[in-house]
Amino acid sequence: MRASPAASGEEGAHSSCACGDICVRARVRVSAHAARVRLCLSCGHIYIRRGSVPVPVSVSASVSVSASVSASVSVGPAVPAGPAPDRATPPCAGRGGGSAPSGAGQTHAQTHGHAERHTDRGTAYRPVPSRRPRAAPRRRPRLLLPPPPPRPHKRRRGGPGREGQPGRPGRRTMPRRGGLPAPAAARRPPPLLLLRLLLLAAPLQPGRGLNLCTSGSATSCEECLLIHPKCAWCSKEDFSSTKSITSRCDFLQNLVANGCAGAIENPSSSISVVKNVPLSSKGSGQSHLDVTQITPQKVALNLRPGDRTSFRVQVRQVEDYPVDLYYLMDLSLSMNDDLDNIRNLGTKLAEEMRKLTSNFRLGFGSFVDKNISPFSYTAPRYQNNPCIGYKLFSSCVPSFGFRHLLSLTDKVDRFNEEVRKQKVSRNRDAPEGGFDAILQAAVCKEKIGWRKEASHLLVFTTDDVPHIALDGKLGGLVQPHDGQCHLNEANEYSASSQLDYPSLALLGEKLAENNIHLIFAVTKSHYILYKNFTTLIPGTTVEILHKDSKNIIELIVKAYNSIRSKVELTVWDSPEDIGLTFTATCQDGLSYPGLRKCGDLKIGDTVSFEVAVEARSCPAEDTSHSFTIKPAGFRDTLEVAVTYSCQCGCTGRAAPASGKCSGNGTYACGLCDCQPGYLGARCECEEGASGELHHALCREAEGKPLCSGRGECSCNQCQCYESEFGNIYGPFCECDDFSCARYKGVLCSGHGECHCGECKCHAGYIGDNCNCSTEMDSCVSSDGQMCSGRGACVCGKCQCTEPGAFGETCEKCPTCPGVCSTKRDCIECKLFNSGRLADNQTCQKHCKDEIITTVDVLETDDPNAILCAYPVNNCVMKFTYLELPSGKSNLTVLKEPACSSAPSAVTIVLAVIGSVVLIGIILLALWKLLVTIHDRREFDRFQSERSRARYEMASNPLYRKPISTHNIEFTFNKLNKSYNGTVD
């Protein structure tokens, strides 16, 4: 179960933990249930109360405090940090095992019958323990941002206050009042931690919007200084009005205008250069220790929280700087041909390196792997010759982890002699134990012979992958590497069979501690793996080694030039409450905010960095910190000592039992800190000495309730009630800071202050709830256009109007015209280091969201991918563009452009002739076909007519028969019979 912050971001009051220190109470939400959390800033205990049941939990992650308070906790049994102290007072609710609070309306004293007493004097952001005895201090939980300072209860009109009165049911316990904060164990801090954070983060400008210095309700000089670095405190005696003491905390110009000149407490951050030796121009000389490559060398800072100060650092890669190069070689069986090719490496390498430096030394070491199973052959028959039975190579030396063979020396002939003596060995698995060797070569400084005044190069050559941390468990090695030197008298790694392989983090730490540049010289098949290692191990480079190591000299020279062409600052031991910001000014003269490295430098070039330092909080009194700024791979460092300006000078001039306080309090910084039982601006009133005569001064108008019904009238002044929702204030308790409009549950959208029911927006925000930003910088895309030219900037956010456009600045638009040309620039600069974005820093800035993949064959079947193409040297480069749900762009690019050869003139002529001939033949064939069809039709017609004109041979038209026949119609009667017949 996780606890997440409530949407409102409200905070309640403080309570106490079992250790006696302050618990910060906040409203959170556990799963779907509302809950309250109390976090102890000393011992780390966290208590969650749902309903009336307190649930102890233990911290599971860091707690982040920002404009909306958030916490990350896990519900479970709280681990006690120590025995609970013996105390005379009963335990508070939320102390783990104590009684639950009786209600939100009751105060701490009413609920438990005793007054809870804390102090707000002293350092901010650090709760000061009670004077009562308690257990030893415990480690507080780490905060991503410092917790806000403890603050006393609201005290208006500058009058004295009184302690809570326990055991008086039905009446709210009122806080003390008075000019000064109460002494230790007198009061508890107020609930408005969120307001403190907002005040610290707000960009204060006098005369614009709400005056956050006065609205911060500071009741002491130290609290005023913590509100904002532009706030100052007036310690003049008669400056404060009788209505409020918060007017003493204001902008400097306002205090001067109101007549407080000469009595203003307004410390500021300062810087002093302790040591500043000029940069050297040449490295080699009579005294190498005098070479200086960074200036200044020591700086002292005095910081006021929130007040940023800066200083400039210059770095130069001097000419002719001494070089120590240690050659670390893999002597496994696969490197046998490489060993033959480097037998004269020392002489040739020295000749090339002496072109770059006149002071060069060379050393040599080798490695294979741990001589234990399953990494090596450990059977008895393999003890002296692991290559027994291996047909390709039948003789080799026993396996070993790391062997230091030659300390750094300028006698290169000894290097050649040692290389000629070496023989390869054989291990069982493919990975090698090279990381063991790298670590020993880095930490065994005396035996290797690293010089403090030289540049350290460690060349690591291998043709396979390395073993890393936890691989040793396969051989039963469960003890992590300790990062120490373990070379015995024979200069061999003696802990090879006892310690696991080192981790990448340990390697990076030890290489940086000893200013060593690691050069991976690996074969092409493993280049990508070691390239990824360089991102995890700062200060390393990788180059491709030929399989026979013939290019090793060119590789080393190239890597050395690459190392010397860049400068990157690193920070060591930076305190958590210090914020650092870098701005690099490289050889082009341009400033690059947020960057602390420069590239493409030449030997002798000077680059500078602006380092801005800001203290986020105040530590304990008389606390000082220090940190170191160091260029990666350099021995030169810049030491920065930090002290804090958190105390006011007037606090040290406090006068106890001062007559200005009627002899009943301590006078300091213009205010009276009354003794218990006395109230008033001059401690002139005793507790309970109030009457109806003075009640009229506590009414805003005739007929209205006393103190607006939200406070009590005491000593002519309104003492406002506490509220778990926020702060009630004003001369008549008529105002509060929690009744303003909200946006998404956040008061004034987190961009303004609630003042008497109205949001006073910070600079750059408008609206009833301050949710509309007037800044347009967030709408400017990387190409300098407003919303990439595809939308409008409304309330600081782009509203895209172009169909298909999306993203924070409408920069994503797969269907928009011109998107291919934009992605083309990123492809050219990232893959080919060309185009208008060829500069590495510009390319990284504009193409940070592009994921580029090269393929041999481009797949175009994805319906969501956009196919793009552009010409490259008479060829066509094709790629597809796809927007991912994460907001990044996936670009799939062909490895090589698609090219077509130019057509031959002879081919064109022959093709034209052939085409003409072919067309002619086709036309002739068509003509012949038509003629043949026509002839056949004519012949068929002739045959038809001929057949019709043929004579019948059986009849002669000239022959006539001699007998003719005629038909005659007649009728006659013979023998009374009638006949009808024919006569011939």
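These legends walk you through several close-up views of a predicted model.

View 1. Of its 984 residues, 47% count as buried. The accessible surface comes to about 48,400 Å², and carbon and sulfur atoms account for 53% of that area. Among contacts with a separation of 6 or more, 62% are between residues 24 or more positions apart.

**View 2. Glu-418 is a buried residue of α8.** Staying with helix α8, we can pick out Glu-418. Its relative accessible area is 16%, so Glu-418 counts as buried. Leaving aside residues up to four places away in sequence, Glu-418 touches Phe-364, Leu-405 and Leu-406.

**View 3. Phe-375 and Tyr-501 form an aromatic pair.** The structure has 13 aromatic pairs. In the pair shown here, the ring centres of Phe-375 and Tyr-501 are 5.7 Å apart and the planes stand at 85°, so the arrangement is edge-to-face. Phe-375 belongs to the loop between β16 and β17, and Tyr-501 to the loop between β18 (455-462) and α11 (504-513), so the pair ties together parts 126 residues apart in sequence. Both partners are buried: Phe-375 has 0% relative accessibility, and Tyr-501 has 1%.

**View 4. Tyr-530 and Phe-533 pair within helix α12.** The rings of Tyr-530 and Phe-533 have centres 5.4 Å apart and planes at 85°, so this pair is edge-to-face. The two residues are 3 apart in helix α12 (residues 527-536), which means about one helical turn separates them. Tyr-530 and Phe-533 are both buried. They also belong to a cluster linked by ring pairs, together with Phe-367, Phe-435, Phe-460 and Phe-520.

**View 5. Arg-451 and Asp-324 meet in a salt bridge.** The structure holds 16 salt bridges. In this one, the closest N and O atoms of Arg-451 and Asp-324 are 2.7 Å apart. The partners come from distant parts of the chain, 127 residues apart, with Arg-451 in the loop between α10 (445-448) and β18 and Asp-324 in strand β15. Arg-451 is buried at 13% relative accessibility, and Asp-324 is buried at 0%.

**View 6. Lys-370 and Asp-436 make a salt bridge.** Their side chains meet at 2.9 Å, N to O. Lys-370 is in the loop between β16 and β17 while Asp-436 is in helix α9 (residues 434-443), so the bridge ties together parts 66 residues apart in sequence. Lys-370 is buried, with 1% relative accessibility, and Asp-436 is buried at 1% too.

View 7. Our last stop is a nonpolar surface patch formed by Leu-918, Ile-919, Ile-922, Leu-923 and Leu-926. Together they have about 480 Å² of accessible area. To find your bearings, look for Leu-918 in helix α16, residues 905-948.

Notes: Residues numbered from 1 in each chain as written. Predicted model: local features only at pLDDT ≥ 70, side-chain atom pairs only at ≥ 80, totals over all residues. Heavy atoms only, no water. Patch = residues over 30% accessible without salt bridge, like charges linked within 9 Å, V, L, I, M, F, W, Y side chains within 5 Å. Areas by Shrake-Rupley, 256 points an atom, 1.4 Å probe, with all protein chains shown as cover. Salt bridge = Lys/Arg side-chain N within 4 Å of Asp/Glu carboxyl O. Helix = DSSP H or I, 4+ residues; strand = E, 2+ residues; numbered from the N terminus. Phe/Tyr/Trp six-rings, centres within 6.5 Å; stacked < 30°, edge-to-face > 60°. Buried < 20%, exposed > 50% of the residue type's maximum accessible area, 1.4 Å probe, protein only. Contact = heavy atoms within 4.5 Å.
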